[in-house]
Amino acid sequence: MRSIWTGSISFGLINIPIKLFSAVQESSLDLDMLDKNDNSNIKFKRVNETTGKEVAFANIVKGYKIDDKYVILEDKDFEAADAEKTKTIDILNFTLEKEIDSLYYEQPYYLEPDKGAANAYALLRDAMASTGKVGVTSFVLRNKEALAILKPYKDVIVLNRIRFEQEIRDTSELKLPAVSKTKLKEIDMANKLVEQLTEPFDISKYKDEYTAKLLKIIKDKAKGKKQTAPKLKVVHKQSDDLMSMLKASLENKKKSS
């Protein structure tokens, strides 16, 4: 793995130099875009709007438009906006992880201690593990301020970027059923079904089966095998008799277990 950012964690008066690595990778297949006429690759180019000529990435700068003119920004300008935050993951406070709704979670990263920071890194990691708390932090990544939490995961500290409140859409425009109007017997039966389907969470049980099946189709097509599309039965309307469907669901689970 290659680090994508270096900086430090500010933990009280303790400074912990770290390297940041992406914690996730895509499981989907890397498909190329082709011209259907001759299967040639489609290439995307950065083109000068005025001259039509391709521009090398090294010659591209960023600008902000004011009164039909661009103000060009350099790296030092971004750092000047908040020089400390561009290199520091500042722990603002600690909280219980369950108080942060999953809707806010965005992107996880691994943090690795830099030279001489192993002891301080372990101290923070182990303190969070023993207290059951996570650190709420702010920092700047790719010229954008971000909120994040720090939490221990196995032997590593994970930085999980979270969204700001204003980035979450309001639900008032959605047409939703009213709360607490469900019949008590149906609620009781639904609770039993939830309990029946409850088991310890084991992430290793869940695999990206779609990608594996798609890869098999690709390999079969390469060998000249014809594919037969499965017939899908689309259910447009559920029965209004929720109680009978709940009872049937409970019975099906008993038979399969």
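I66 counts as partly exposed, at 44% relative accessibility. The residue is found in strand 3 of what is a predicted model. I66 also belongs to a nonpolar patch on the surface, which it forms with Y64, V71 and L73.

**The nonpolar surface patch**

- Y64, I66, V71 and L73 together have about 370 Å² of accessible area in this patch.
- Strand 3 (62-66) and strand 4 (69-73) are the elements that give two or more residues to the nonpolar patch.
- L73, a member of the patch, is 61 Å from L246 in space, C-alpha to C-alpha, and 173 residues from it in sequence.

**Loop residues with positive phi**

- D67 lies in the loop between strand 3 and strand 4, the two strands that contribute to the patch.
- Phi of D67 is near 50°, which is a positive value in a residue other than glycine.
- With 70% relative accessibility, D67 counts as exposed, because the cut-off for exposed is over 50%.
- N39 sits in the loop between strand 2 (14-22) and strand 3.
- For N39, phi is near 60°, again a positive value in a residue other than glycine.
- N39 counts as exposed at 54% relative accessibility.

- T88 is part of strand 5 (residues 88-96).
- At 12% relative accessibility T88 counts as buried, because buried means under 20%.
- Apart from neighbours within four places in sequence, T88 is in contact with W5, S8, S10, S138 and F139.
- T137 belongs to strand 7 (residues 133-141).
- The relative accessibility of T137 is 0%, and T137 counts as buried.
- Apart from neighbours within four places in sequence, the contacts of T137 are I89, D90, I91, L92, A146, L147, A148, I149 and L150.

- Helix 3 (residues 184-196) has 13 residues and should span 18 Å at 1.5 Å a residue; its end C-alpha atoms are 18 Å apart, which agrees.
- E186, M189 and L193 are the buried residues of helix 3.
- These three cover an arc of only 65° around the axis, so they are on the same side of helix 3.
- On the face of helix 3 turned away from the buried side are the exposed residues L184, V194 and E195.
- L246 is located in helix 5 (residues 242-256).
- L246 is buried, and its relative accessible area is 13%.
- Not counting residues up to four places away in sequence, L246 touches E186, M189, A190 and L193.

- E97 is partly exposed, with a relative accessible area of 30%.
- K151 counts as partly exposed at 21% relative accessibility.
- E106 is partly exposed, with a relative accessible area of 36%.
- R161 counts as buried at 18% relative accessibility.
- D126 is partly exposed, with a relative accessible area of 41%.
- R125 is buried, with a relative accessible area of 18%.

Conventions. Residues are numbered from 1 along each chain as its sequence is written. This is a predicted model: local features need pLDDT of at least 70, side-chain atom pairs count only at pLDDT 80 or more; totals for chains, interfaces and linings use all residues. Side-chain values use heavy atoms; hydrogens and water are left out. Patches are made of residues with over 30% relative accessible area and no salt bridge: like charges are joined within 9 Å, nonpolar side chains (Val, Leu, Ile, Met, Phe, Trp, Tyr) within 5 Å. Accessible areas come from the Shrake-Rupley method with a 1.4 Å probe; for residues, only the protein chains shown count as cover. A salt bridge is a side-chain nitrogen of Lys or Arg within 4 Å of a carboxyl oxygen of Asp or Glu. Helices (H or I, at least four residues) and strands (E, at least two) are DSSP runs, numbered from the N terminus. Buried means under 20% relative accessible area, exposed over 50%, partly exposed in between (1.4 Å probe, protein chains only). Contact means heavy atoms within 4.5 Å. The expected span of a helix is 1.5 Å times one less than its number of residues. The arc is that of the directions from the helix axis to the C-beta atoms.
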